[in-house]
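Take a slow look at the fold below.

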Amino acid sequence: MWPFKDCILEGGQSREEQKREEIFFNETLAQDEITQLLEPKVLTNAKSYDKEGERPFEKFNRNSEMNKKRGLPEDTITDNLLIKGNNLLALHSLKKEFAGKVKLIYIDPPYNTEGDANTFLYNNSFNHSTWLTFMKNRLEISKYLMKDDGVIAIAIDDEEQAHLKVLCDEVFGRDNFMGTLIVQIKPSGRTTDAYFATCHEYVLFYSKIPNRPKINFFELTEEERSKYTEGEGDDIYKWRDFLRTGGYSTPEERPNSYYPIYYNPDNKDISLENKGQDYIEILPIDSNGRKRVWRKIPKSFNDHLKNGEIKIVKRNSGSYKVQLIDKIKEGTRPKSVWTDSKYDASSHGTKLLKDLFDGEKVFSFPKSLYSVKDIIEIFTEKGGNDIILDFFAGSGTTAHATLELNQDDEGARNFILCEQLFYVDSVTIKRIKKVLEETNSNETFVAFELSKYNNYFVEKIETSKNTDDLLSIWEQMKEKSFLNYNVDIKKQEEHIEEFKQLSLEQQKQHLFKLLDKNQLYVNLSSLEDEDFACTDEEKKVTKNFYQIKE
């Protein structure tokens, strides 16, 4: 239990240097008003992009053949999407179109660390209670968006890892916990840590329904493949000794434990029955050269025998041993600790992004492209057209990884990104465009925004530098904003001198409280409301997204 557990934490930061006090909306809103807060929103500023650059938005694509392959309704959107705006409200705006359709959610949320505010481009100094509330709101809608065989992967560090595990147990259920991945992020560790030089982070994995997700193994390296025998198709296997041995009794002493294997050296026939004098009886031999008896032959042995997956090998001593095939169908099972240097985000992630932006450092501590690619490979299918969601998109590593994997696999996974910070245009969109150019990809993506209303005033209040600025904003608010129903404008004007005596932070908080928080963005239900003056372009993209008939 924690304070504010049942609240809605908007988390509306727009620039990395801001540390405003987050607003717990249901301290002031009734439950039906919270429902309105989470209504789908009107969409605006839609633009399409391909490797050639920006082009006018026409409509969202709904490829029926692709949807058939991924087992989704034929009219599901098949575009890659980037949504700019508050991620909690963006997720609720995705419900109608993508509920139960997302195969993998990968997120790298704010870690709630105490370090330098510029380490991450998020408001990264929530206390435990507010951070848990912030995450809980978003994880609950995430579960709603996941497919029945879907997986969510959440990157985190020591600061909140234990708290996050308990929270996820509550939201997803303990039976849906799949495991914890430990990823080395910097071989030398953070030397600023008091006791240990921390060199790892975690990724927590949860399913929506227990045991439903399938996992893809890592492909074997050339060195690993050299230890195996190539079989038919993609089968790779190695031989192992069959050692289901019992005691040293004779057939007469223990007839129910005696299961001989017979072998004809001339025609190489292997049998569980003695077919004649040309067949020799093979028994296991211990390290001292003594013959043992076989235990009961398991059903799997019979299956191996029928499939020709058993062979007899002659030892140097002249005795024989039985071997059968161990099949490795897809490679090696992913291990829970990743220490390959390619996962070092402090070097690979940062260097890759700087290279993309001609040496300019545009983002602090981006995730390693390789760790994200490997997670996507493990839980999505090659050419399976799976949907991947990342609602803390940051610099766009998840989109980058998805596009590169699609090139390698000739697949068509789709990404959906949500990001609300200021750098969406200058970093996230620009990075995706550069990846399309460099890979010569034929893929496209659509970027659009949640249509702001009162959030326009929230952002202006946040960035104000003095009282005069705030007074000017108040004049605009009186004319254009939606104020709380109980705000008496005349009374506010009568006390304007008292307002001026408050500190700048107190003045900002006062103006925040006057705004109707249900109208931060334009609700879908207000699309045709003249008070909101939605443009024809906004009506077009919104109706097309939500499949609203004219």
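Helix H10 passes helix H11 in a right-handed crossing, meaning that the near helix is turned clockwise from the far one by less than a right angle. Their axes come within 9 Å and cross at roughly 15°; here axes are lines fitted to C-alpha atoms over the stretch in contact, and angles run from 0 to 180 degrees between N-to-C directions. That angle makes H10 roughly parallel to H11 (under 35 degrees counts as roughly parallel, over 145 as roughly antiparallel, 65 to 115 as roughly perpendicular and the rest as oblique). H10 covers residues 397-409 and H11 covers residues 425-439.

Before going further, a word on what you're looking at: this is a predicted model, where local features need pLDDT of at least 70 and side-chain atom pairs count only at pLDDT 80 or more, while totals for chains, interfaces and linings use all residues. Residues are numbered from 1 along each chain as its sequence is written, and side-chain values use heavy atoms, with hydrogens and water left out.

Back to our pair. Which residues of H10 and H11 make the contact? On the H10 side they are Thr 397, Ala 399, His 400, Leu 403 and Gln 407, and H11 brings Arg 431, Ile 432, Val 435, Leu 436 and Thr 439 (contact means heavy atoms within 4.5 Å). Sort these residues and you get five nonpolar, four polar and one charged, where Ala, Val, Leu, Ile, Met, Phe, Trp, Tyr, Cys and Pro count as nonpolar, Asp, Glu, Lys and Arg as charged, and the others, Gly among them, as polar.

At 23% relative accessibility, Thr 444 counts as partly exposed (buried means under 20% relative accessible area, exposed over 50%, partly exposed in between, with a 1.4 Å probe and protein chains only). Leaving out residues up to four places away in sequence, Thr 444 touches Tyr 49, Asp 50, Arg 55, Asp 79 and Asn 80.

Asn 440 sits in that loop between H11 and S18 too, and with 52% relative accessibility it is exposed. Its phi is near 55°, a positive value in a residue other than glycine. Most residues other than glycine have a negative phi.

H12 (residues 454-462) and H13 (residues 467-480) have axes that come within 10 Å and cross at roughly 170°, so H12 is roughly antiparallel to H13. Tyr 456, Phe 457, Lys 460 and Ile 461 of H12 meet Leu 470, Ile 473, Gln 476, Met 477 and Lys 480 of H13. This contact divides into six nonpolar, one polar and two charged residues.

Met 477 also belongs to the largest nonpolar core, which has 104 residues. A nonpolar core is a set of buried Ala, Val, Leu, Ile, Met, Phe, Trp, Tyr and Cys residues joined through side-chain atoms within 4.5 Å. Among the members that touch the most others are Met 477 and Leu 164. Beyond four places in sequence, Leu 164 is in contact with Trp 131, Met 135, Leu 139, Ile 154, Ile 156 and Leu 204.

Finally, step back: of the protein's 550 residues, 53% count as buried.

Conventions. Helices (H or I, at least four residues) and strands (E, at least two) are DSSP runs, numbered from the N terminus.
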